[in-house]
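Visitor: I am new to this structure. Could you walk me through it?

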Amino acid sequence: MLYFMGAALIAGAVVHYPIDPSLYTIICVVGAFVFLLGTIVNEFVLADERPALSQAVSLVAFSLLLSFGVGLVGGGIQHFEQFPERSAWMTPIGLLMSYVAFVAKDSKGRWRHLVSPFAAGVVVLSALTWLGMNALAGTISSDGHSHDHGSTTQTPAEQDQPSAEQDQTPVEQDRPAEAPAEPAEDGHTSHSH
């Protein structure tokens, strides 16, 4: 549970960072701390054998790297529509970072798994993800841009039209009757008071 909560906080903080850097830096640090706490509980408290100091430092460092990788992937996918360009590079970097950190956490066969056919597949998947999301980001931002212009230019026009009709209607109704040019039978011209 601590792993997931930490990764979720980091995911939200990383993708929303430009909106309010100070707030999302705090959320990111809290998320990293929660994820790290999960690592400590899982790897040190609940584990049958406790790792040596050097192994513990490596485990903590790669766990933090894993948390940021998972956060980048999760945040990039969830908020792609809101931040397409940012998400297009966050997601593939997060995939690579997560894979490297996950493999490096295991001290046995760390390098053997890091350079493998599966690792090559992750690299290819990351490259395809970057290319695909980049292409989609271009269409989303251009569509969003044109939709924004359409809504802003259309709204005032629609608002102005009823007000123009309202201005004309009372004028036509309240206009005084024109006085006839010829005098009435009694010699006076007709006029209204």
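Visitor: Is F118 buried or exposed?
Guide: This is a predicted model. The relative accessibility of F118 is 58%. The cut-off for exposed is over 50%. So F118 counts as exposed.

Visitor: How many aromatic pairs are there?
Guide: Ring centres must lie within 6.5 Å to pair. By this rule the count of aromatic pairs is 2.

Visitor: Is the pair of Y3 and F35 stacked, edge-to-face or tilted?
Guide: The ring centres of Y3 and F35 are 4.9 Å apart. Stacked needs planes under 30 degrees apart, and edge-to-face needs over 60. The planes of Y3 and F35 stand at 55°, so the pair is tilted.

Visitor: How many residues apart are Y3 and F35?
Guide: Y3 sits in helix α1, residues 2-16. F35 sits in helix α2, residues 21-45. The pair links distant parts of the chain, and the separation is 32 residues.

Visitor: Is F35 buried or exposed?
Guide: Buried means under 20% relative accessible area. Y3 has 22% and is partly exposed. F35 has 4%, so F35 is buried.

Visitor: What kind of pair do Y99 and F118 form?
Guide: The centres of the Y99 and F118 rings are 5.7 Å apart. Their planes are at 45°. That angle is why the pair of Y99 and F118 is tilted.

Visitor: Which helices do Y99 and F118 tie together?
Guide: Y99 and F118 are 19 residues apart in sequence. Y99 lies in residues 84-105, and F118 lies in residues 117-174. So the helices are α4 and α6.

Visitor: Is Y99 buried or exposed?
Guide: The cut-off for buried is under 20%. Y99 has 13% relative accessibility, so Y99 counts as buried.

Visitor: What accessible area does the nonpolar patch with F33 have?
Guide: F33 is in helix α2. At 55% relative accessibility, F33 counts as exposed. The patch on the surface is formed by F33, L37, I40, V41, V45 and L46. Together their accessible area is about 540 Å².

Visitor: Which helices do the buried residues of α2 pack against?
Guide: Among the buried residues of α2 are Y24, C28, G31, F35 and F44. The buried residues of α2 pack against α1 and α3.

Visitor: How far apart are the end C-alpha atoms of α2?
Guide: Helix α2 has 25 residues. At 1.5 Å a residue, α2 should span 36 Å. The distance between its end C-alpha atoms agrees with that, at 34 Å.

Note on methods: Residues are numbered from 1 along each chain as its sequence is written. This is a predicted model: local features need pLDDT of at least 70, side-chain atom pairs count only at pLDDT 80 or more; totals for chains, interfaces and linings use all residues. Side-chain values use heavy atoms; hydrogens and water are left out. Rings of Phe, Tyr and Trp (its six-membered ring) pair if their centres lie within 6.5 Å; planes under 30 degrees apart count as stacked, over 60 as edge-to-face and the rest as tilted. Helices (H or I, at least four residues) and strands (E, at least two) are DSSP runs, numbered from the N terminus. Buried means under 20% relative accessible area, exposed over 50%, partly exposed in between (1.4 Å probe, protein chains only). Patches are made of residues with over 30% relative accessible area and no salt bridge: like charges are joined within 9 Å, nonpolar side chains (Val, Leu, Ile, Met, Phe, Trp, Tyr) within 5 Å. Accessible areas come from the Shrake-Rupley method with a 1.4 Å probe; for residues, only the protein chains shown count as cover. A salt bridge is a side-chain nitrogen of Lys or Arg within 4 Å of a carboxyl oxygen of Asp or Glu. The expected span of a helix is 1.5 Å times one less than its number of residues. Contact means heavy atoms within 4.5 Å.
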